[in-house]
Amino acid sequence: MALSIFKQTFSLLRSSSLTNVFCSSERSYRLAAYRSRRKFKTERRPFHYVPKGHPVLPPDGKYTTEPLTYIRSGGRDLNGKVVNAKIGGGPKVNWYMRDDHYPEAEETQGLEEKVLRIHPDPIRTAHLALVGTGNHKRYIIAHQNMKEGDIIKTNRDIPTISVRAMEGNSHPLGALPMGTIVHNIEKIPGEGGRVCRAGGASAQVLRKVGDKVILRLPSKHEIALSFNCMATVGQVSNSGHDDIPWKGVGEKMSAGYRPRTGWHHRKTGYHGKKIKPKRTFIVKPTPPKYETYKLSGD
Amino acid sequence: MRITRQLFVSRKKRIKFLMDKLTYKDLPLNAPALSDVEVVKLTGRPEPGQKQRKPLPPELADDPRFYVPPKGEEKKNYRETPAFLYNRNCRFIEGTKQACFLTKSVRYDGMPESVQQLIDKFEVPDESRLVQKAILKSQIWDSTREKLPKRRDPEYPRYKIDREYGIPLEKRLNMLSFDLLRMADTAVASQYPEIGRSRRLIFYPNGMATFFKYSDSLLSFYLGIDAAITSTSPLPPFVPEELVESSSSEAIPSLYPISPTIDFLKTNNYNLKNSIGFSEISCKFPHTLILLNNDDWSEDERQARALVTAMGLAVAQVKKTYPGIKDRLPTPISVQVINMSETTMNFTYFQLNTIDFDNSEAGVKNFVWFDTGNVLFERRLPQPWKRDKILGTSLENLDLDPFKKLLATVGNCAELEDSSTQFKEKLIEL
């Protein structure tokens, strides 16, 4: 299924001039394609194709802990036309730059960081944690049992004996024992965490085969990654955010979801005026498949 | 520069305007000969290779519409080594713990003994009536009517409260605080009338700045103060010298793995400056500083800000009186700071004994006294979803203890400045 979608997009883009883009996932490739295409004719797109909004990044391009403005798309395309009508509205929120990259650490010692503040993220499902060392502060994903005042370590060593995994610490996958629960995993070493960043997500290390480590993702797929990919131990915070049901349409509208339209929906036999009469079912006695004999009890 | 109509007109129209103004005087008199000129075919259609527009004449060099500000490296302030800047808006993330580690100071809660003895010494007649008058003047009686910022109550954040009009926060703070200061000044002057000559009350002084080295990095402080009381004679230390020497054995809690300069701004564009801000002719010693808290910070962060401003001013004074000193001072310098918000007052008392801030373990330490959470009155805002009968803000629970503490701090060491007592003592000696 995924391969076919990839081939479709690739064939569509052959005509347009797309710059060389290196993406680690199909989703990031589709987003880059969406941004590079500029068509005058719009098409309706599914829900997850259109981004909900984008932040206003600083002109320096450097990392800041200050809150930035977040501009909502409203379901609009780059041309300004409505591409998805189920997105619109919502509160004005601040967008915090979350650092998913793993810092460089010294050999054998590692890098120690202290947790300063924990608060929920207005746009994402996972909570944010302010963390600092020396003269540098940054925001990271908070795991389930995080408290203010904890100390977190990052180590880039791969010893022969597996490391005792403590919650919050980050190690390469080759150093972790089998059965550990892990989040914020890198697919390509040095790229930054990509997998398991949402609230309550976690992956499990199953076994090691040769030069690769096999993980089970929350979608129950299995993936093989290299030893040098970094990951943090533990489960992401805010695991019960899906269990709370919506109270009604008003709560959804105030959060940024619009009601569904009747445009381009699949019509089934339920839709429309019922002209045909109802089918009458006749029950006939069916003959038995085998001959039956009555046996006298003795 | 005289702004003409030409600047506010688009580029094409500007050129057309100039070309229309050409007269026979602007044309050249000497035309070239036909043999020197190349004959060119003039057709309306452009040649097949050229699809671009013709190049227009160059723009003005000083056009303000296309002004590009210089980058950090092109400014005059650029230095190669970076420095850490402190400002009034620097919010310490660990609060007073971080400030105590920076200033190498031992922490005490409460007021020092020399100040606590002065609480009931100074009196104001009709104290409660005058304090209530000052509060009501700033909260209700003033006739300004401006748009106040939107309010959201944390108890029920989805409820949209109506827009309110009234007195803004800055004005409320200034009126209350300066009224109380003047009352304190008169109360102290009734017993020691020579204060009128030996002291000075300055509103919004500016120019206070220092800089020094801290563990292979430059720190520069630019302090913002709202009011200051200065005097001709310096404040004596709060504590005798025996305790100062014994403080070398006490320990300060560490901040590992954070450094205290985590909230400072790191830049390559900075200016280093060392100045007190007051005049150097008269009243050059600081007595008390007053900071007005316009922000929604916690009390811990406000006290940390007060500590760092006191430290900055004391270090600026030390650099002028003892230019080459590095370690311990011969006489310690003491500064008082009052933090005022709408309803609460905080006091800090700082005594500087050393300048060696690098070593946090060895050597003599400085002293700090914190007195936080003195509530003058409570301000209850309306909550319309509760169907209370109170529609406006209500002021409750007046407490006069913080006002008495204010009198004690302002009247600290007024005897030494009073020259009449010095004259009497000299007479007794004779």
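**Close-up views of the predicted model**

**View 1. Salt bridges between chain B and chain A.** In this predicted model, 2 salt bridges are counted between chain B and chain A. In a salt bridge of 2.7 Å from N to O, the side chain of A:Lys137 meets that of B:Asp263.

**View 2. Area buried between chain B and chain A.** About 1,100 Å² is buried between the two chains, and 51% of this lies on carbon and sulfur atoms. Of the area that chain B buries against chain A, 48% comes from B:Ile93, B:Pro257 and B:Ile262, more than from any other three residues. Chain A gives 13 residues to the contact, and chain B gives 13 residues.

**View 3. The aromatic pair of B:Tyr156 and B:Trp385.** Over all chains, the structure has 20 aromatic pairs. The ring planes of B:Tyr156 and B:Trp385 stand at 85°, with centres 5.6 Å apart, so this pair is edge-to-face. B:Tyr156 sits in the loop between β3 (146-147) and β4 (165-166) of chain B, and B:Trp385 in the loop between β14 (378-380) and β15 (394-396) of chain B, so the pair ties together parts 229 residues apart in sequence.

**View 4. Confidence of the prediction.** For chain B the average pLDDT is 87, and 85% of the residues score at least 70. The model has an ipTM of 0.78 and a pTM of 0.79.

Technical notes: Residues numbered from 1 in each chain as written. Chains lettered and ligands numbered in written order. Predicted model: local features only at pLDDT ≥ 70, side-chain atom pairs only at ≥ 80, totals over all residues. Heavy atoms only, no water. Contact = heavy atoms within 4.5 Å. Buried area = accessible area lost by both parts, 1.4 Å probe. Salt bridge = Lys/Arg side-chain N within 4 Å of Asp/Glu carboxyl O. pLDDT = per-residue confidence, 0-100. Phe/Tyr/Trp six-rings, centres within 6.5 Å; stacked < 30°, edge-to-face > 60°. Helix = DSSP H or I, 4+ residues; strand = E, 2+ residues; numbered from the N terminus.
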